[in-house]
Amino acid sequence: MKADLSVVRALRTLYPKLHDEIYVFCQVSDSRFTDILSESLCFFREGEGMSVILPQRSARQLDIVASAPFRQITLQILAGLDAVRVIPVVAQELMEAGIDTSVVSTLHRDHIFVPDERAEFAVKILRGIRNRVQYS
């Protein structure tokens, strides 16, 4: 892992939080979107329609076609704007471990969605990154 000093400082404060909820990615029509808005974790309007991240249980209850199950890992980083530059490092490490990721960046934190069956392993990798930079 090659990173400049500001990224290393940010990685030293990396605390991944794995959420219990299982999420899925879906696409819904505009007319159906209002029905699921309160259930949505995140949504984004794309050319093909509204992409939504929903709890898996909600997608099943509403009979919405969905992706494979994912878990959310929130990257809690005490680094201000330097935190933005952490994502490429984290994504690269997870990719090298064979873990697919989908990143959602928000105003306060970044969230990585990983396949449910690889979530615990992904958290270990993220903690390993922090440990390596703390002791190097």
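Q: Which element of the protein has the lowest mean pLDDT, and which the highest?
A: This is a predicted model. Helix H1 (residues 5–12) comes out lowest, with a mean pLDDT of 77, while strand S1 (residues 15–28) is the highest at 96.

Q: And what's the mean pLDDT of the protein?
A: The mean is 87, and 90% of the residues reach 70 or more.

Q: OK, on to the sheet. In what order do the strands sit?
A: It's an open sheet of 6 strands, ordered S2-S3-S1-S4-S6-S5, with antiparallel pairing. From one strand to the next, the twist averages 30°.

Q: Which strands are at the edges?
A: Strand S2 (42–46) and strand S5 (102–105), each of which pairs on one side only.

Q: Let's stay with S2. How many bridges join S2 to S3?
A: There are 5 bridges between S2 and strand S3 (residues 49–55), and the two run antiparallel.

Q: Which residue in S3 is the bridge partner of Glu-46?
A: That's Gly-49. Also in this pair of strands, Phe-44 stands opposite Ser-51 of S3.

Q: Switching to helices: which strands does H4 lie across?
A: Helix H4 (residues 86–96) lies across strand S4 (70–76), S5 and strand S6 (110–115), and runs at about 10° to S6.

Q: What about H5, which strands does that one lie across?
A: Helix H5 (residues 119–134) lies across S1, S4 and S6. Its angle to S1 is about 135°.

Key: Residues numbered from 1 in each chain as written. Predicted model: local features only at pLDDT ≥ 70, side-chain atom pairs only at ≥ 80, totals over all residues. Heavy atoms only, no water. pLDDT = per-residue confidence, 0-100. Helix = DSSP H or I, 4+ residues; strand = E, 2+ residues; numbered from the N terminus. Pairing = 2+ DSSP bridges. Axes fitted to C-alpha atoms, helices over the stretch in contact; angles between N-to-C directions. Contact = heavy atoms within 4.5 Å.
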